[in-house]
Amino acid sequence: MGHTAMKTNIVQLSFVVVAVAWFGAPGSSGADNITVKDAAGRSIAISDPSRIVSVGGAVTEILYALGLESRVIAVDSTSLYPPRALAEKPGVGYMRQLSPEGVLGLGPSLVLAAEGSGPKGTIAVLEAASVPFVQIPDRFTGDGIVEKIRLIAQATGSVQRGECLVKLVEADLRALAALRARIEHPRKALFILSFMSGRPMVAGRATAADGIMTLAGASNAITEYDGYKLINDEAVIAARPDAILAMERASFRLDAQTVFDHPAFATTPAAAQRELISMEGLYLLGFGPRAARAARDLALALYPSIDASLRSELMPSERAPQDCRQ
Amino acid sequence: MRVLVPPVLLVVLLLAAAVAATIGAAGIPFGRIAAAFGLAPGNPALVDRDWLVLWSIRLPRIALAIIIGGLLAACGAVMQGLFRNPLADPALVGVSSGAALAAAAMIVVGDRYLSSAGVTLPLEALPLAAFVGALASTMILYRIATREGRTSVAMFLLGGLAIAALANAGLGLLVFLADDRQLRDINFWMLGSLSGATWAKVGAIAPFLVALAFVLPFIARGLDLLVLGEMEAFHAGVSVERLKRTCVVLVAAAAGAAVSVSGVIGFVGLVVPHLLRLLIGPSHRLLLPTAALLGAALLVIADTFARTLAAPAELPIGIVTAVIGAPFFLYLLLRQRALLGP
């Protein structure tokens with residue numbers, strides 16, 4: 001059975017190669033040869049962006065927002081939005097544990113992968129097999145989102161659609177900045193990644209959680225280290241967070257009872273109002289096209305005092321949902 | 001001079017605990033500690049907060065360090081006596097591998113499937129799973145090593161290697177399946193940490209230390225005679241098979257309880273008894289209680305470093321115990337080289 005599948009793939013692959021050689025990349029806007037500079041600073045030539053393996057939640061989200069759904073032949077297990085992506089497309093497993101044979105067997109002509117995907121061995125094998133592997137930078141700022149969209153649009157030969165989406169995201173970011181300007185007293189938030197056995201794993205600097213807090217007009221209560229680390233209980237008290245953030249996944253949910261019964265969190269200012277803000281993981285931390293909306297939701301949850309008029313106001317992308325898929 | 005060792009160790013332990021109580025990321029100055037305990041007047045707002053830090057966070061953690069250090073070191077001494085092997089430690093009877101496999105399974109599988117089925121896992125789920133895993137793997141090993149009422153020490157050692165290899169394979173598979181967050185949890189569990197200490201956890205494992213303290217005097221003589229060999233001990237009136245059974249059950253329960261709360265903390269169970277044998281000789285009557293005292297003191301000191309060196313983050317305590325203990329142990333070994341033979 002495995003032989004048949006591989007044979008089919010080889011046939012498909014050769015068909016694609018022939019098709020590309022004769023007709024150029026199908027569906028791409030005059031993209032005979034695209035050269036992009038990826039997150040690792042390498043110049044990568046892409047000749048055929050028609051069969052894409054998409055790795056990373058934000059990458060898949062952007063590809064779908066650009067209407068390139070039909071070109072995506074497989075996604076990784078973190079591609080949770082839109083939900084149909086993981087349901088319809090074959091999976092290549094977890095983004096950091098890509099199997100070279102598993103990916104090659106699908107006959108891709110391009111792999112777009114969030115920075116940090118791998119392992120390195122797999123990237124090397126794919127490149128040796130002449131499949132361009134473009135690492136999409138993952139910076140946790142508003143500019144970072146724009147950078148991601150532009151690179152993905154460029155790599156797929158869809159610059160016009162990309163600029164359409166960039167415009168939309170930038171309008172959202174401006175609306176968000178206007179919202180932030182109304183915040184008088186920034187609050188301190190603390191993001192819990194994991195609470196296994198009562199041990200809090202908490203976000204420091206250089207994390208997506210830190211980035212979204214900044215976008216939402218809050219400051220990270222923990223600035224002494226980078227990344228996600230197990231934090232000392234007393235340090236939680238000393239940090240005095242005003243609110244606790246957590247992400248919600250199908251497999252992970254934190255309830256206020258658990259958090260505020262913990263002696264370290266019981267005396268934080270956050271415990272007074274039992275402020276535990278729990279948001280869907282990819283929405284909150286993905287830094288894809290919806291990041292500005294996630295930051296707006298977070299800001300409204302953090303600052304109940306923001307005027308009612310601003311509360312009901314929609315983001316540009318919600319008010320006039322411009323379709324960048326054509 | 002040997003008589004002085006237990007009281008000296010007790011003083012060291014008390015001093016270490018007292019110093020540990022005054023150090024922490026919350027930074028409570030010495031004067032305010034007295035106020036928090038109601039021994040001196042202080043600002044009432046600060047007193048409440050300080051009291052909470054001391055009573056709900058720092059003291060249970062110190063208590064946990066004392067109990068776990070005591071359990072691990074005493075269990076190590078029992079194992080080395082039982083197996084007449086200086087390399088024996090509680091890990092040898094499958095405690096660590098069973099506990100680690102069960103804990104990792106709970107972190108990965110429990111997290112992925114139980115939680116997505118709408119079950120919110122209580123915080124106690126992980127330690128309970130680890131404890132059950134520790135007991136189960138020791139019991140399997142005991143069954144393998146026992147035939148017609150006689151337990152073979154050699155079978156125990158070799159079977160233990162096989163069980164550990166199997167458990168490691170399972171652990172490797174779980175690590176492969178885990179996502180980043182679960183990987184961090186597994187990693188911290190494998191290196192041990194006393195983070196998340198509560199009085200409830202202290203209460204849950206304190207009975208094991210009490211039980212150990214009751215049983216140790218009864219097995220000390222048997223272990224002393226066992227040094228001469230199983231037959232010799234039998235002829236001297238020791239019920240060898242019962243002694244083995246008691247020791248295995250005791251170690252599985254006590255070390256299993258310690259590991260389930262703190263994760264795998266290496267080194268303490270292996271080296272503390274050694275260190276003391278070099279100091280006070282091989283008699284278990286003195287060795288077992290002093291090992292518990294030194295183990296407790298070592299873990300209190302190590303944990304104080306673990307929670308303050310990288311503050312506000314936590315260092316895994318297994319790193320600290322090895323860094324503190326190993327060089328000291330090497331120094332003692334080199335000094336006593338003549339005693340150990342060429």
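Modeller: Before we start, two residues are in contact if their C-beta atoms, placed from the backbone, lie within 7 Å.

Biologist: Fine. Which residues does A:I212 touch, leaving out residues up to four places away in sequence?

Modeller: A:I212 touches A:L284, A:L285, A:A291, A:A294, A:A295 and A:L298. This is a predicted model: local features need pLDDT of at least 70, side-chain atom pairs need 80 or more, and totals for chains, interfaces and linings use all residues. Residues count from 1 along each chain as its sequence is written, with chains lettered from A and ligands numbered from 1 in the order written.

Biologist: Which residues touch the most other members of the largest nonpolar core?

Modeller: A:I212, B:L71 and B:V251, in a core of 216 residues. Such a core is a set of buried Ala, Val, Leu, Ile, Met, Phe, Trp, Tyr and Cys residues joined through C-beta atoms within 7 Å. Buried means 20 or more other C-beta atoms within 10 Å of the residue's own; exposed means 12 or fewer, partly exposed is in between, and C-beta atoms are placed from the backbone.

Biologist: What gives the largest share of this core?

Modeller: Helix 3 of chain B, with 20 residues. Helices are DSSP runs of H or I, at least four residues, and strands are runs of E, at least two, numbered from the N terminus.

Biologist: Why does the core lie between two domains of chain A?

Modeller: Because domain 1 (2-157) and domain 2 (184-319) of chain A both give residues to this core. The bounds come from an automatic or database domain assignment.

Biologist: Switching to the interface. How many residues of chain B are in contact with chain A?

Modeller: 32 residues of chain B, against 31 of chain A. Helix 3 of chain B gives the most to that side, with five residues.

Biologist: What is the make-up of that side of chain B?

Modeller: 13 nonpolar, 10 polar and nine charged. Ala, Val, Leu, Ile, Met, Phe, Trp, Tyr, Cys and Pro count as nonpolar; Asp, Glu, Lys and Arg as charged; the others, Gly among them, as polar.

Biologist: Now strand 7 of chain A. Buried or exposed?

Modeller: Mostly covered: seven of its seven residues, 188-194, are buried.

Biologist: Which way does strand 11 of chain A run against strand 7, parallel or antiparallel?

Modeller: Parallel, over four bridges. A:L190 stands opposite A:I244 there. Pairing takes at least two DSSP bridges between the strands.

Biologist: And strand 8 of chain A, parallel or antiparallel?

Modeller: Antiparallel, over two bridges. A:I192 has A:V202 as its bridge partner. In that hairpin, A:S197 takes a positive phi near 60 degrees.
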